[in-house]
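Q: Could you take me through this structure one feature at a time, giving the general idea before the particular case?

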Amino acid sequence: MFWRVAGFSQPSPTDQILDKEEFTLEELLDEDDFIQECKALNGRLVAFLKERSTVEQLVRLLVEPPKEDDDPKRTYKYPFTSCEVFCCELDAVFDTLLEDVELMGLLFSLLDSAPPLSCKTAGYFGRVVANLLLRKGSQTIQYFKDNPPLLMKLVSHIDTVSVADVIKRMVGADEQGPTPDPAHAQWLSDADLISLLLAKLAHSTSADAQTNAAEILSAIANAQPSPLAAKLANEESVATLFEHALSPSKQVVVSALEVCIALVEPHRNSLEMESLIGGYEEKPQPQPDPEVKAEAVAAIIQHLPKLVEILKQEQRNLDIETTWGQLAQRLGLPRLKIVELFVVLIRSGGPIAEEAVMKAEAIPVCLQLFQTHPFNNMLHHNVAAMLLAILTQSSELILQNLFEQCAFLDWLVCLPILVALTGKGGPEEGPCSPSNIKKPMRAGYMGHATQIGGIVDSISHQASESSSLVPAVFAFSGDVAHPAKVAEYVKGHAGWKPYSDEMLQPQLSLENTSHWECGRPAAGDFPGLDADLDEFGATDMDLEQLTSLTPALSDRYSNMGAEDDDEYEDGVREAIPYADYGLSDVINELSLDDSDAIRYDEDTPVLDAQSADRSAPEAGASGQQATGDDDNVLLASSDDEEAFAAASPLRSKSVSNSSTPAASPDPKPEASEERGIEAAGGDPAAAGVAL
């Protein structure tokens with residue numbers, strides 16, 4: 001602030017108010033620099049703000065609604081500025097607030113209001129309590145312990161987002177908040193917070209309350225290990241969760257499934273993002289308790305048959321109209337989440353989950369949905385992840401179920417390449433009229449189908465230790481639990497060989513971007529770089545990367561033309577690796593052609609202006625030696641310029657390329673001598689010319 005700088009005598013407006021014998025808090029709140037002075041820790045201002053009467057006024061401005069005849073500043077400016085004072089993290093103000101039970105009761109008196117709360121007032125309240133939990137967490141939690149009904153009041157207003165954020169920070173699920181004390185988390189678990197949150201998932205509560213409660217439960221599940229997550233994973237809590245999810249209204253089925261997914265695979269979203277944006281170091285995530293995870297899986301698999309029944313239900317009268325035609329039906333978010341839950345159970349649930357999935361016959365239903373919805377990319381991604389988990393890391397029992405009972409290879413080989421959509425006709429035209437018939441189009445799942453086929457082919461060749469025709473971009477390079485079993489099923493299938501030769505291999509070769517003749521190299525050619533080489537890596541390729549390119553890519557990015565290639569083939573130039581280039585080689589390669597090339601030798605001295613002046617008395621004019629006194633003046637002729645240019649190739653190049661035409665050499669030496677004598681004032685001896 002400018003008034004803090006030495007040389008400025010103008011005091012702060014806030015200090016001018018503090019200099020008065022009597023002033024009010026409102027006068028300070030009206031000043032524009034009030035918050036800046038708080039952040040600058042103005043001693044006199046902090047001493048005034050930490051007084052109990054001042055803190056009480058600030059809290060009342062936050063939680064008490066204004067009257068109808070109050071100043072508009074009381075409605076908007078004063079509550080906002082009061083909230084900013086608490087957000088400045090003044091420990092003296094926090095200490096005054098926490099040490100006084102009446103002030104804390106005044107702050108939390110907002111929760112005694114009937115729902116819904118004012119969004120503005122609840123927002124200010126949430127920011128103040130969140131800063132209390134951040135700066136004075138132990139004392140704030142202790143106040144909650146001393147007032148048990150306060151936690152229930154918070155949950156009763158969970159339909160307000162600001163109050164839900166306070167609960168999320170209390171349980172340690174807020175990314176910006178600190179790691180909670182285990183003793184505090186245990187107290188929250190003993191206070192039956194999980195049961196209070198699960199009760200908010202009932203169909204009688206509002207949609208906002210259901211959404212916020214499910215979000216907090218998902219955050220608790222992702223914050224494993226913790227006592228709250230352990231209580232959420234027990235059989236009673238999971239049963240209550242599915243009771244609300246599978247109710248006739250099915251309003252919270254998606255939220256409940258998200259909680260179940262987080263219990264089995266915590267931090268799943270962050271891990272997927274890190275795998276998508278390569279080049280960043282993966283942050284170590286805390287591992288969940290295996291006992292808690294096993295308990296959650298055992299409770300979830302009891303409800304799998306009901307989830308499979310929901311998958312089989314077709315949502316009628318929900319056809320999707322597009323500009324090209326009409327899709328048969330939509331999948332819906334609940335069924336998509338159910339498929340995602342099956343993927344997580346197969347990948348991380350263990351043998352007990354695999355057995356439950358096979359018993360519920362979930363895999364063939366998912367394969368059928370994959371084909372029924374040819375343009376649902378999220379569904380295709382989940383089904384492909386399920387098949388990859390079964391093929392690479394699952395038990396032999398579920399692998400056998402996939403190839404035999406589910407006829408996986410028959411399903412993959414017989415997937416239709418083209419699908420037909422029903423067009424939109426006029427009111428008088430029927431569905432089979434000529435204007436309603438559209439040309440079939442390529443199915444949207446063919447990309448995932450090609451990827452799955454490439455993985456199966458690479459695993460089968462990995463078992464037989466033979467070279468696969470699948471490009472390295474599509475091949476699976478990780479560990480496979482039962483490669484021999486996969487190779488046995490592939491070898492025994494009659495339709496796999498024609499499918500691989502006629503459809504799979506040509507498509508993989510077509511999609512192999514490293515063989516394309518246009519565009520930049522794919523990300524696989526340079527580890528750590530994306531396809532454009534501009535977001536997660538360097539924008540220019542280093543010399544080491546250029547030398548490591550494959551021949552095709554090296555030719556693609558070479559700057560040489562056909563004539564340069566012929567010269568290289570004829571041996572005119574000797575190819576020098578980029579790593580062995582020196583300074584002289586780089587300068588010599590800057591020539592436009594061989595006839596006009598600059599030749600630079602590192603041993604050749606470079607003459608600057610001072611060295612040229614010092615060497616001038618030693619040089620001769622037109623090849624003659626200078627004689628006379630030490631103060632003789634030597635003027636170089638055109639012959640001297642040519643000799644100097646021969647000794648300095650850089651000057652030769654600059655002279656020859658100069659836009660100013662060079663002076664022609666004087667054919668008569670006598671004329672040059674006469675010019676030198678005239679320049680020396682008519683004295684031949686001073687000109688250094690031998691007469």
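Q: To begin with the secondary structure, how many helices and strands are there in the protein chain?
A: The model is a predicted one, and its protein chain holds 40 helices and four strands. Of the 691 residues in that chain, buried residues make up 40%. The chain exposes about 38,500 Å², of which carbon and sulfur atoms supply 52%.

Q: What share of the contacts between residues at least 6 apart in sequence join residues at least 24 apart?
A: In the protein chain that share is 66%. The C-alpha atoms of Glu235 and Ala296 are separated by 7.0 Å, although the two residues lie 61 apart along the chain. Once residues up to four places away in sequence are set aside, Glu235 touches Glu295, Ala299 and Gln302, and with a relative accessible area of 48% Glu235 is partly exposed.

Q: How many salt bridges does a search of the whole structure find?
A: Side chains of opposite charge can pair when their charged atoms come close. The search of the whole structure finds 19 salt bridges, and one of them joins Arg135 to Asp91, with the closest N and O atoms 3.1 Å apart. Because Arg135 belongs to helix α10 (residues 119–135) and Asp91 to helix α8 (residues 91–99), this pair ties together parts that are 44 residues apart in sequence. Both partners are partly exposed, Arg135 at 38% relative accessible area and Asp91 at 33%.

Q: Which parts of the chain does the pair of Lys136 and Asp95 tie together?
A: The side chains of Lys136 and Asp95 meet in a salt bridge at 3.3 Å, N to O. Lys136 lies in the loop between α10 and α11 (137–146), while Asp95 is in helix α8, so the parts tied together are 41 residues apart in sequence. As for burial, Lys136 has a relative accessible area of 17% and is buried, whereas Asp95, with 25%, is partly exposed.

Q: Where do Lys337 and Glu340 lie, and how many residues apart are they?
A: Both lie in helix α23 (residues 333–348), three residues apart, which is about one turn of the helix. Elsewhere, salt bridges that share partners join Arg52, Glu56, Arg60, Glu64, Asp100 and Glu102 into one network.

Q: Which residues touch the most other members of the largest nonpolar core?
A: In soluble globular proteins, nonpolar side chains tend to be buried together. Here the largest nonpolar core has 161 residues, and those touching the most other members are Leu49, Phe86, Leu107, Phe108, Phe342 and Phe408. Helix α19 (residues 253–264) contributes the largest share of this core, 10 residues. Leaving aside neighbours within four places in sequence, Phe408 is in contact with Leu387, Leu391, Leu402, Phe403, Ile452 and Val456.

Q: Which residues form a nonpolar patch on the surface?
A: Ile417, Leu418 and Met503 form such a patch, and together they have about 230 Å² of accessible area. Ile417 is placed in the loop between α28 (408–413) and β3 (418–419), and at 31% relative accessibility Ile417 counts as partly exposed.

Conventions:
Residues numbered from 1 in each chain as written. Predicted model: local features only at pLDDT ≥ 70, side-chain atom pairs only at ≥ 80, totals over all residues. Heavy atoms only, no water. Salt bridge = Lys/Arg side-chain N within 4 Å of Asp/Glu carboxyl O. Helix = DSSP H or I, 4+ residues; strand = E, 2+ residues; numbered from the N terminus. Buried < 20%, exposed > 50% of the residue type's maximum accessible area, 1.4 Å probe, protein only. Patch = residues over 30% accessible without salt bridge, like charges linked within 9 Å, V, L, I, M, F, W, Y side chains within 5 Å. Areas by Shrake-Rupley, 256 points an atom, 1.4 Å probe, with all protein chains shown as cover. Core = buried A, V, L, I, M, F, W, Y, C linked by side-chain atoms within 4.5 Å. Contact = heavy atoms within 4.5 Å.
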